[in-house]
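Reader: I am new to reading structures. Could you take me through this one in short steps?

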Amino acid sequence: MKFFPQPIVWSSPRTVTAIVVLALLAMLPIIAAAFDASYYVSLTTRILIYALAAIGLNLILGFGGMVSLGHAMYVLLGAYAVAIPASHGVTSGFTQLAIAISSTALLAAGVGAVSLRTTGIAFIMITLAFAQMLFFGAVSLKDYGGDDGLTVAARSSFGAFDLSNNVTLYYAAFIAVLVALYLSWRAVLSPFGLVLRGSKANARRAIALGHPIFQYQLVAYIASAVVCAVAGVLLANLTLFASPSYGAWTVSGELIVIVILGGLGTVFGPVVGAIILLALEEALPTLIEHVLPDYKSNWMLLLGLFIFVVALVLKHGVFGSLKSRSP
Amino acid sequence: MTTQLALSQLLNGLQLGVLLFLLAAGLTLVFGIMSFVNLAHGSLYMLGAYFGAAAFTHTESFLLALVAAVVGAGIVGLLLDRFALTTLYQRDHLDQVLATFGLILFFNELIRIIWGPSSVFMQVPQALSSTVDIFGFTYPSYRLAIIGAGIAVALGLYLLIQKTRVGMLIRAGATNANMVAALGINIKWLNTLVFALGAALAGLAGVMAGPIVSVQPGMGEPVLILTLVVIIIGGLGSIRGAFLAALIVGVVDTLGRAFMPTLMRTLFERSTADAAGPALASMLIYLFMAVVLAVKPQGLFPASTSVTR
């Protein structure tokens, strides 16, 4: 089996962009250290975590055509899988990851089995309903902070090394993104991915060809949920905090925005989308401060307009608008 | 005492229900006819509340506040439809969700710039500030007026859609827009009318809710989510479904919030129950929606048997 699932077209703009972005991300902690700007390491860790969650969502949204407005609930679950064991003194990252992945897979199997009975707008709403249930469920956990959330005393430790160092955490997130990118690339081009994409293009025809698309969709749904849960584990480690707000419906909305912004149905799109959205959220206040200091806190106005214009103008997202022969 | 409490909570639920209906009617019509998912519908509700509050403080006339909210939100809806959203109608739902998500952020921030981040106070109109005695318990007459107004609007909408020429066109447009256009009806004009009507109803809901909720940026989102739940449970595009589902959701949500903590106290310790009760009560309607969708993906009252589609 070859390492790359398809031959790489080195000259295509998409390949160049992906390689340049990944190379910059790989070197970022070194560059930041050189300029004594360690703040940018945590900011970029955050970007990577959102990118990871969006890669997960993209699996079903971009390739399966399933618009889930509830994927933040798996981020929430991942974060609580760190915070709740940590509050009982369990800081082993292996245990936390195992809890996060197993509980997410179980929940996603149940939610997916029910939700996938519906399609289109009903699917959007039923996933939203489940996410809201988990959100209010987390709010009701009075012993674990309830509405306010709970702080995480220590970052996860993985045997010999732990994530307490910001740079270590950064590279953990970076590697998680790389692995997720590679796996989703492989998955999309595999026979499994082919059926999944076929079910998006024309579900009736895929069924007529004899593919049990429900099972394919369910597996894709569970896989995408698990990726989001891993992002949640990393997020709790970054912020040392877990709160119901991680599972708010606006976060699910943001994840969709990231995927579409980057380019629906492209493997690398979510990374580009996450960089653009979070960098904008970071840069806009500073930018406005220079022009209109009084309106510094009102940067969301421009962000809202930006998202609106992207939806109107860019049909394939930023990365998706670059020319390429490959997805 | 308990029956009176239950009755007054039931009325509260009905009052929330009719407000939700005012929002859901516009949203479900726009979806049924234009197949357009408008997440910014909650922003029109917010704008209505702000227009109303501003007019009320300046003129001290609640009637003028009502007019300002309805006309103002209607005009914003008209402008949105004509200048911002037309190109989106032909696109898939995902683009519409994204664009209107952007609009939510835009409007919230616009309101924050104009009226500031803290909430604006809006008084209950003088004439309705008293309470009424019903079956031995007192109930604020303003809330009763909301219920009355909501039911009146629902009746008016029913007559408009079932008995008038415009209503017939709306129903026809929902069934097959191309055919209506081919028969020489200006479907764009019809779309604009429906959109502006929905916006005006959202504005009406906003100004009526003004005195009983806090008027602040972002007030549209929780209501929007509830409204989406309503139109999904009711069946997309169905006005009758929206009405019934709005009342169900309003009552279930309110009664759940009122009695869930008490109910849980019989099962758990008081402190746990008081903490978890309200949160679990909030889960109720989502649980209800998930069950409805799992059993009847088309909603409880699908549009085919009713007004549209």
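Author: Start with two helices. α1(B) passes α9(B) in a right-handed crossing. A crossing is right-handed if the near helix is turned clockwise from the far one by less than a right angle, and left-handed if anticlockwise. Helices (H or I, at least four residues) and strands (E, at least two) are DSSP runs, numbered from the N terminus. The model is predicted: local features need pLDDT of at least 70, side-chain atom pairs count only at pLDDT 80 or more, and totals for chains, interfaces and linings use all residues. Residues are numbered from 1 along each chain as its sequence is written, while chains are lettered from A and ligands numbered from 1 in the order in which they are written.

Reader: At what angle do α1(B) and α9(B) pack?

Author: Axes are lines fitted to C-alpha atoms, for helices over the stretch in contact, and angles run from 0 to 180 degrees between N-to-C directions. The axes of α1(B), residues 2-34, and α9(B), residues 220-234, are 9 Å apart. The angle between them is about 65°.

Reader: How many residues of this contact are nonpolar, polar and charged?

Author: Contact means C-beta atoms, placed from the backbone, within 7 Å. L20(B) and F31(B) are among the residues of α1(B) that meet α9(B), whose side includes V223(B) and I231(B). Ala, Val, Leu, Ile, Met, Phe, Trp, Tyr, Cys and Pro count as nonpolar, Asp, Glu, Lys and Arg as charged, and the others, Gly among them, as polar. The contact of α1(B) with α9(B) has no charged residues, three polar and nine nonpolar.

Reader: Which residue in the hairpin of β1(B) and β2(B) takes a positive phi?

Author: Strands pair if DSSP finds at least two bridges between them. β1(B), residues 131-134, and β2(B), residues 137-140, pair in the antiparallel sense over four bridges. D133(B) stands opposite T138(B). Two residues lie between the strands, and the one with a phi near 45° is F135(B).

Reader: Which helix gives the largest share of the side of chain B that touches chain A?

Author: The contact takes 34 residues from chain A and 38 from chain B. On the chain B side, α4 (93-115), α9 and α11 (270-295) each supply at least two residues. The largest share, 17 residues, comes from α4(B).

Reader: What radius of gyration does chain A have?

Author: The radius is taken over C-alpha atoms, and the globule rule is 2.2 Å times the number of residues to the power 0.38. For 327 residues, a compact globule would have a value near 20 Å. Chain A agrees, with 20 Å.

Conventions: Two residues are in contact if their C-beta atoms, placed from the backbone, lie within 7 Å.
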